[in-house]
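Subject: Structure for you to look at

Hi there,

Here is the structure I promised to pass on. Please open it alongside this email, and have a look around before you read my notes.

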Amino acid sequence: MGTAESTKKKQNSSTVNPAQTELDPRTSMADQKNNAEDFKVQMAKHPNISPVPLRPHSDQSKDRASKRLSSDSNGTSEGGMGSSTPVELTALEEAFRRFAIHGDTRATGKEMHGKNWSKLCKDCSVIDGKSVTLTDVDIVFSKVKKKSSRNITYDEFKMALAELARKKYKEKSGEEAEAEIFKLVEGKSPIISGVTRAVASPTVSRLTDTTKFTGSHKERFDSTGRGKGKAGREDIVDTSGYVSGYKHRGTYEKKVTK
């Protein structure tokens, strides 16, 4: 049985392609040594085969990780179409993404819903109230989007702008009109309106007026309405010797010093 197993092991080792031989750090030291010796024997038998440098498994994992990170930072995917060239966002696409994520923390910036599309047309002066109205914007949005979707992609977004360009710039050709309307959108960001002011209420004013406080609440504030802090919350013993509420406190010391 031992002779048969050794013969079978030699046959398996002879069929191994030396170009695919690789040392695995998870194997034992003895197995690595045997693999190295088998590799030397196969190289002696086949001198025409170019040797492949043996690299540890950990180094190969690091190379794959660094390659994936570099491709992600460049906006490309490993093995995908155009993976050799990084994807750079144009000014128009950057504006599309800014408006697409406006007001939605879960948005990815790849699709835009109708509310943000209308806001983009308003903030970028695409809507002029004459040739292009809010109704036209809504109609174009419904026209370019898919029936089963509520959002539009970047390509559909450019189609919608092209539709509005023909209405807004009737005297220009198609390409010139698209270029003009793209200039209105490129590099723009959503306009954030001012914060809504609180309306003064008589009830709230009465409750927050410190001059009308009574009892222990009155002692927490001074005459200007500013809080006294710890002095207004705790009883502090007065050791000055004066009676509480005495108005001429400190006048005697001033007379003595003079």
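Below is what I found, going from the whole chain to single residues.

Please keep in mind that this is a predicted model. The average pLDDT of the chain is 75, and 66% of the residues score at least 70. Two stretches call for care when you read them. Over residues 18–23 the pLDDT is below 50, and this stretch has 15 contacts in the model beyond near neighbours in sequence. The pLDDT is also below 50 over residues 68–86, where the model has twelve contacts beyond near neighbours in sequence.

Now the overall picture. The chain has ten helices and two strands, and along the sequence they run α-α-α-α-β-α-α-β-α-α-α-α. Of its 258 residues, 19% are buried. The exposed surface comes to about 19,900 Å², with carbon and sulfur atoms supplying 53% of that area. If you take the contacts between residues at least 6 apart in sequence, 48% of them join residues at least 24 apart.

Next, the core. The largest nonpolar core has 28 residues, and those with the most contacts inside it are Trp117, Phe157, Leu164 and Val185. Helices H4, H5, H6, H7 and H8 each supply at least two residues of this core, and the largest share, six residues, comes from H7.

Among the buried residues of H7 are Tyr154, Phe157, Leu164 and Lys168. What do the buried residues of H7 pack against? Their partners are H4, H5, helix H6 (134–144), strand S2 (151–152) and helix H8 (174–185).

Trp117 is buried, like Phe157. Together with Tyr154, the residues Phe96, Trp117 and Phe157 are linked by ring pairs into a cluster.

Leaving out residues up to four places away in sequence, Leu164 touches Trp117, Cys121, Val126, Val132, Asp136, Val137, Val140 and Ile181. The other is Lys168, also in helix H7. Is Lys168 buried or exposed? With a relative accessibility of 16%, Lys168 counts as buried, because the cut-off for buried is under 20%. Apart from neighbours within four places in sequence, Lys168 is in contact with Ser125, Val126, Asp128, Ser131, Val132 and Leu184. Its C-alpha atom is separated by 9.9 Å from that of Glu178, ten residues apart along the chain.

Happy to go through any of this with you.

Best wishes

Key: Residues are numbered from 1 along each chain as its sequence is written. This is a predicted model: local features need pLDDT of at least 70, side-chain atom pairs count only at pLDDT 80 or more; totals for chains, interfaces and linings use all residues. Side-chain values use heavy atoms; hydrogens and water are left out. Helices (H or I, at least four residues) and strands (E, at least two) are DSSP runs, numbered from the N terminus. Buried means under 20% relative accessible area, exposed over 50%, partly exposed in between (1.4 Å probe, protein chains only). Contact means heavy atoms within 4.5 Å. Accessible areas come from the Shrake-Rupley method with a 1.4 Å probe; for residues, only the protein chains shown count as cover. Rings of Phe, Tyr and Trp (its six-membered ring) pair if their centres lie within 6.5 Å; planes under 30 degrees apart count as stacked, over 60 as edge-to-face and the rest as tilted. A nonpolar core is a set of buried Ala, Val, Leu, Ile, Met, Phe, Trp, Tyr and Cys residues joined through side-chain atoms within 4.5 Å. pLDDT is the predictor's confidence in each residue, from 0 to 100.
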